[in-house]
Amino acid sequence: KRLFSPFQMVTNLYGIPKYREIDPTPLIAPFFALSFGICLTDAGYGVVVTVLSILLARKFATNEGAKQLFKTLFLAGIATIIVGTLTAGWFGVSAEKLPEILIKLRILDVRDKQTTFLLSILVFGYMQIWLGYVVKTYLDIRARNWTGAFLCQTPWLIVMTGTPPFIATYGKLSSEMRLSISVLFVACCILVIAFSDQQSKSIVGRIGSGLFEIYSRISGSFGDTLSYSRLFALGLATGIIAEIVNTIASMTWRMPYLGKIVTIGILIGGHLFNILINALGGFIHSARLQFVEFFTKFYEGGGEKFKPFKRERLYTVVTGM
């Protein structure tokens, strides 16, 4: 689809899908864009990224890869504007100095509610990891691997889906309800242990592989979710550096003669540097989350791009009649 096609570049960095795999590009597109936006968390920076992507695309987008890159940055810039508007991030200016309309659009103060910001990011990451296992279940069903789909993947999805609300409402549940849910989770884990290894003919080998598989899923899901906290760190860093730039610039405003020129230079240079360094970090870390935390659940890559048969000319060029 046209909206998702620019993010094909991100998928290609990992590897083209194999023939019987699905193209994960539509799945990573919203997560990549929002991850990038969280890394910047500044609507003003999002506007700059969006405008620069349009201007640079007109001059430097000479091939398909460059076009996809600038389109990706354009969409990621829009996501940054949305995230920055919801968190009242505008070039590092404190919320008290912003117009009233921008303050009303804010739903989360990143500085005062850092724990809420971090938890929101972890929930965001958990949702993408959960989606990865959903896709894996779909692929098993499509491949008619009924055992893997319904006796291995589905039980694990039940555990992943039920664990967050179970933890959130643990204190409000009766002891009987807690016991019932715990038994259900244990039964699902036993199914994963019993049916995760369908190749080994040895019962001991299957149990051993199953125990390792359930351990890997539990520790992996926990670790993968925590890995999204890098977005929290980058988002805070961008805002802090923006405030430092503003503070340094304000110190030079009253300098005699060149004070105002120096202030403008510090603001432009400092914010452009902040945008550049954090946009680069945001792009890299957002891509890493897709490759390491998401793709490992269902995607291999390593396919080859389709090239139709055609007559290749070495010494002649065919032009229109």
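This is a predicted model: local features need pLDDT of at least 70, side-chain atom pairs count only at pLDDT 80 or more; totals for chains, interfaces and linings use all residues.
Helix α4 (64-87) was examined together with the residues at its two ends. The helix comprises 24 residues, and the distance from its first C-alpha to its last is 34 Å, close to the 34 Å expected at 1.5 Å a residue. At its start, a side-chain oxygen of N63 comes to within 3.1 Å of the backbone nitrogen of G65. The helix is followed by A88, which has a positive phi, near 60 degrees. This value occurs although A88 is not a glycine. A88 belongs to the loop that joins α4 to α5 (100-105). With a relative accessibility of 8%, A88 counts as buried, because the cut-off for a buried residue is under 20% relative accessible area.

A positive phi is also found at T41, where the angle is near 50 degrees and the residue is again other than glycine. T41 is placed in the loop between α2 (25-40) and α3 (43-60). Its relative accessibility is 9%, and T41 therefore counts as buried.

The largest pocket was considered next. The space within this pocket amounts to about 600 Å³. Its lining is formed by 18 residues, of which Y126, T163, P164, I167 and T225 are the closest to the centre of the pocket. Three helices, α6 (114-142), α7 (146-168) and α9 (203-227), each contribute at least two residues to this lining. The greatest contribution is that of α7, which supplies 7 residues. When the lining residues are sorted by class, 15 are nonpolar and 3 are polar, while no charged residue is present.

L226 and L119 are separated by 107 residues in sequence, yet their C-alpha atoms are 10.0 Å apart in space.

A contact between two side chains was identified at N274. This residue is located in helix α11, which spans residues 259-294. Its relative accessibility is 0%, so N274 counts as buried. The side chain of N274 forms a polar contact with the side chain of Y45, at a distance of 2.9 Å.

Finally, the cysteines were inspected. A disulfide is a covalent bond between the sulfur atoms of two cysteines. The search of the whole structure returned 0 disulfides. C188 takes part in no disulfide, and the nearest cysteine sulfur to it, that of C189, is 7.0 Å away. Likewise, C189 is in no disulfide, its nearest cysteine sulfur being that of C188, 7.0 Å away. The cut-off explains this result, because two cysteine sulfur atoms must lie within 2.5 Å to be counted as a disulfide. C188 is buried, with a relative accessible area of 5%. C189, at 18% relative accessibility, likewise counts as buried, because this value is under 20%.

Conventions
Residues are numbered from 1 along each chain as its sequence is written. Side-chain values use heavy atoms; hydrogens and water are left out. Buried means under 20% relative accessible area, exposed over 50%, partly exposed in between (1.4 Å probe, protein chains only). Helices (H or I, at least four residues) and strands (E, at least two) are DSSP runs, numbered from the N terminus. On a 1 Å grid over the protein atoms alone, a cavity is a set of points where a 1.4 Å probe fits but cannot get out, and a pocket is an open set with protein on both sides within 12 Å along at least five of seven lines; lining residues have an atom within 4 Å of a point. Grid points are joined across faces, edges and corners, and a volume is the space filled by probe spheres set on the points. Ala, Val, Leu, Ile, Met, Phe, Trp, Tyr, Cys and Pro count as nonpolar, Asp, Glu, Lys and Arg as charged, and the others, Gly among them, as polar. The expected span of a helix is 1.5 Å times one less than its number of residues. A polar contact is a pair of N or O atoms within 3.5 Å; within protein, one must be able to donate a hydrogen and the other to accept it, and residues adjacent in sequence count only if both atoms are side-chain atoms.
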